[in-house]
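Trainee: Could we go through how the helices pack in this model, and then turn to the domains?

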Amino acid sequence: MPRNNELFERACHTIPGGVNSPVRAFRSVGGTPRFIKRAQGPYMWDANDTRYIDYVGSWGPAILGHAHPKVVKAVQEAAVDGLSFGAPTEAEIRIAEAIVERMPSIEKVRLVSSGTEATMTAIRLARGFTGRPKIVKFEGCYHGHADSLLVKAGSGLLTFGNPTSSGVPAEFIQHTIVLDFNNLHAVEQAFKEAGHDIACVIVEPIAGNMNLVKPVPGFLEGLRALCTQYGALLIFDEVMTGFRVGPQGVQGLTGIRPDITTLAKVIGGGMPVGAFGGRADIMEHLAPLGGVYQAGTLSGNPVAMAAGLATLELLSEPGFYDRLAAQTRKLTEGLTERAHAAGLPFCADSVGGMFGIYFSDTVPTSLAEVSQGNIERFKKFFHAMLIHGVYLAPSAFEAGFVSAAHDDAIIQETLDIAEQAFAKV
Ligand code: KE4
């Protein structure tokens, strides 16, 4: 551990909290964050050369496993031709075509460098297209750190118990309506009261930032119908679920067509890429065609495009998602079996390569239900797994991720370690 402690102490002198993203700081679970030196396939090694089986996968991007040789090769080949030009490249066209081909609701797409940029712009575009000020989001959903979305948000804000960030003036969020996830009646009410002022509803169609929480039957369909009825836009924030839960994201699983979709994580294969796309008539309101401005020095960066294209290509292999979902189910079913054998209230859920574990008797359908789980027990479990080489998300309010590199032996090794860990919580 010493090297991690040394590095953490040193990091804190120049980086707030020693990290460049709060959820990495282990503050909700306690202990010292692991400074990762390298990763390969399902594994990461920290500064002490301790090896971990990784179930965070960079919070979603590492769906192929870390440092996939074909992705690394594509990055190396792109890099030698120059890192960034600030001018259009063919690679951007190729990834745009790949996204349009794969995501049913996307006719045109704009590339950016993060999920936050994607959702921030999607909101602005919805307001510009409709001429309306209000937006609807759901408590516990996290859409990145744009001001108007940092209200009762999930992920790190939830982890630290400050779901609404300081530094955001009330005026900036006066138009943000926050409702309970899976509560369609509340959405109907909101539209009844302010329907013609609502520009959009933004939702994680399967929530992953309050732990994994699936939509109840009818919820997404209801959002689609209400947005259509009132002329508001439905935004699926598929930054996490896009190409993670299936080859076409949640919209492929459900057949529901949002007006705008936001993407990131997997489409960058570990490099900084975000995207937002949707109906052509909406997207054409973007500069330079229309009045909604958005820009980015590194948008469509050629090296990042190479990583994303190589990743998307490998995801297209026949049976990829069936195998990924099967491995993820082996993990969740095995964990549940061992937790119950240890007499613990425990359940788990999964969609494609994304999973949630809960120290409670029932799978949650809301943030309130997630919060009723035994969070203290999760923290003990997290450390009991970490000390024996399994790296879970350092928060009870995050989803976990399995990669194509998590084969049967890796899953079995994880379950053997979990059996010991359950005995200690
Ligand atoms: P980024 O700006 O972090 O690339 O994306 C923001 C974002 C938007 N929408 C959804 C559904 C997301 O899950 C995210 C980011 N997810 C978190 C993990 N829960 C990123 C981890 C972090 O903040 O360090």
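Mentor: Keep in mind throughout that this is a predicted model. Let us begin with helix H14 (residues 375-386) and helix H15 (residues 408-422), whose axes come within 9 Å of each other and cross at roughly 130 degrees.

Trainee: What is the make-up, by class, of the contact of H14 with H15?

Mentor: The crossing of these two helices is right-handed, and H14 brings Phe381, Ala384 and Met385 to the contact, while H15 brings Thr414, Ile417, Ala418, Ala421 and Phe422. By class, the contact of H14 with H15 therefore holds no charged residues, 1 polar and 7 nonpolar.

Trainee: How many charged residues are in the contact of H3 with H11?

Mentor: The axes of helix H3 (residues 90-102) and helix H11 (residues 302-315) come within 9 Å and cross at roughly 35 degrees, in a left-handed crossing. From H3 the contact takes Ala91, Glu92, Arg94, Ile95, Ala98 and Arg102, and from H11 it takes Met305, Gly308, Leu309 and Leu312. Divided by class, that contact has 6 nonpolar residues and 1 polar residue, and its charged residues number 3.

Trainee: How are H2 and H11 oriented to each other, roughly parallel or roughly antiparallel?

Mentor: Helix H2 (residues 69-79) packs on H11 with the axes 8 Å apart and at an angle of about 150 degrees, and the crossing is right-handed. Since angles over 145 degrees fall in that class, H2 and H11 are roughly antiparallel.

Trainee: Which residues of H11 make the contact with H2?

Mentor: The residues of this contact divide into 11 nonpolar, 1 polar and 1 charged. On the H2 side they are Lys70, Val71, Ala74, Val75, Ala78 and Ala79, and on the H11 side they are Pro302, Val303, Ala306, Ala307, Ala310, Thr311 and Leu314.

Trainee: Which residues of domain 1 lose the most area to domain 2?

Mentor: The domain assignment gives domain 1 as 2-67 + 318-422 and domain 2 as 70-315, with their C-alpha centres 25 Å apart. Across the boundary, 36 residues of domain 1 contact 36 residues of domain 2, and the two domains bury about 2900 Å² between them, 67% of it on carbon and sulfur atoms. Together accounting for 23% of what the domain 1 side buries, the residues that lose the most area there are Tyr321, Met354 and Leu367.

How values were computed:
Residues numbered from 1 in each chain as written. Predicted model: local features only at pLDDT ≥ 70, side-chain atom pairs only at ≥ 80, totals over all residues. Heavy atoms only, no water. Axes fitted to C-alpha atoms, helices over the stretch in contact; angles between N-to-C directions. Helix = DSSP H or I, 4+ residues; strand = E, 2+ residues; numbered from the N terminus. Left-handed = near helix turned anticlockwise from the far one by under 90°. Contact = heavy atoms within 4.5 Å. Parallel < 35°, antiparallel > 145°, perpendicular 65-115°, else oblique. Domains from an automatic or database assignment. Buried area = accessible area lost by both parts, 1.4 Å probe.
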